[in-house]
Amino acid sequence: MQFYEEIAKEHDNHPLARLQRAAAHGHLTLISEHKGDAAKRSKHAAARLEIMETLCREQPDNVQFRKALVRAIFSRYHADGLSDEQRIALAERMLNIHLRHVEAGHTPLSGFTALLHTNLAEMLPLESDRTRELIAEARRIGETIGITIVRVLVFEAKWAAARGDVDTAIANFDQAASLKYERAPDLPLPYVELTWSHRYQREVAQLEEQRETFGNAERAYLKAIDIVSEAADQYSNVQWVRDELSSIVRQYMTMLEGRGQKAKGEEYFRAMVEKYPD
């Protein structure tokens, strides 16, 4: 961390030196995320974006700088301290820049291209035409490059649930949870992926509970708890992961209590408190 902090503090005004500083702020953003320090994460993400915006104003035709700008916007988009309107504007901006690079042949069509479509879609009303267009394009990109886009599955699950097709919704959420879990070890922040996997499995549990298939619901809750417990075990310093674990354990207990199994829920809770005393 000290190495990147020293680079970030340098004052060499050469464009490549500033590009290196932006990259250092990017590394510090990830380190701050690992440490659960939201304030520093936002600070370094903002600093990275400011450097790249300046470089791109000075050299608007520099493809390397514009690619780095997209990544800097992406980092800032995921940091704290932004309104919904600001996030939508950032999502639109990075998608447009990235698509220009794809069209010009400067960068290939990729999972990141699909991700930028789904990022924007998540900020819009679920049933809007724009949302459906973005998800349809993300699906097409996935089919073109030969990968399943997890967030496309999630949107399709939500649409299925809204029209009352619970079987399809459960199948899609379950597949999304499995894919997130499988891909987590290969990504920069595995605990984030594990937490999303747990959230999608939690959706399965809630849908099963709503249609009163309680055996399936219990299995899905326990599976979701196992997934987020794995994240909590590996990254014990990230408080919001612990909060997610606490939340789903309590939700599981509530279901048991509603089924007349309060004692079973309390016993499970005591075991979890013993395992995670903090």
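User: What volume does the largest pocket have?
Analyst: In this predicted model, the largest pocket has a volume of about 1,600 Å³, where a pocket is an open set of points on a 1 Å grid over the protein atoms alone, with protein on both sides within 12 Å along at least five of seven lines, and a volume is the space filled by probe spheres set on the points.

User: Which residues are closest to its centre?
Analyst: Of the 43 lining residues, meaning those with an atom within 4 Å of a point, the closest to the centre are Phe74, His78, Leu189, Val192 and Glu193.

User: And which helix gives the most to that lining?
Analyst: Helix H2 does, with seven residues, a helix being a DSSP run (H or I) of at least four residues, numbered from the N terminus.

User: OK, switching to H9 and H10: at what angle do they cross?
Analyst: The axes, which are lines fitted to C-alpha atoms over the stretch in contact, cross at roughly 160 degrees and come within 8 Å. H9 and H10 are therefore roughly antiparallel, a term for angles over 145 degrees.

User: Which residues of H9 make the contact?
Analyst: With contact meaning heavy atoms within 4.5 Å, the H9 residues include Val166, Phe173 and Tyr181, while those of H10 include Trp196 and Leu207.

User: How should I read the numbering and the limits of the model?
Analyst: Residues are numbered from 1 along each chain as its sequence is written. Local features need pLDDT of at least 70 and side-chain atom pairs pLDDT 80 or more, while totals for chains, interfaces and linings use all residues, and side-chain values use heavy atoms, leaving out hydrogens and water.

Definitions and conventions
Axes fitted to C-alpha atoms, helices over the stretch in contact; angles between N-to-C directions. Helix = DSSP H or I, 4+ residues; strand = E, 2+ residues; numbered from the N terminus. Parallel < 35°, antiparallel > 145°, perpendicular 65-115°, else oblique. 1 Å grid on protein atoms, 1.4 Å probe; cavity = no way out; pocket = protein on both sides within 12 Å on 5 of 7 lines; lining within 4 Å.
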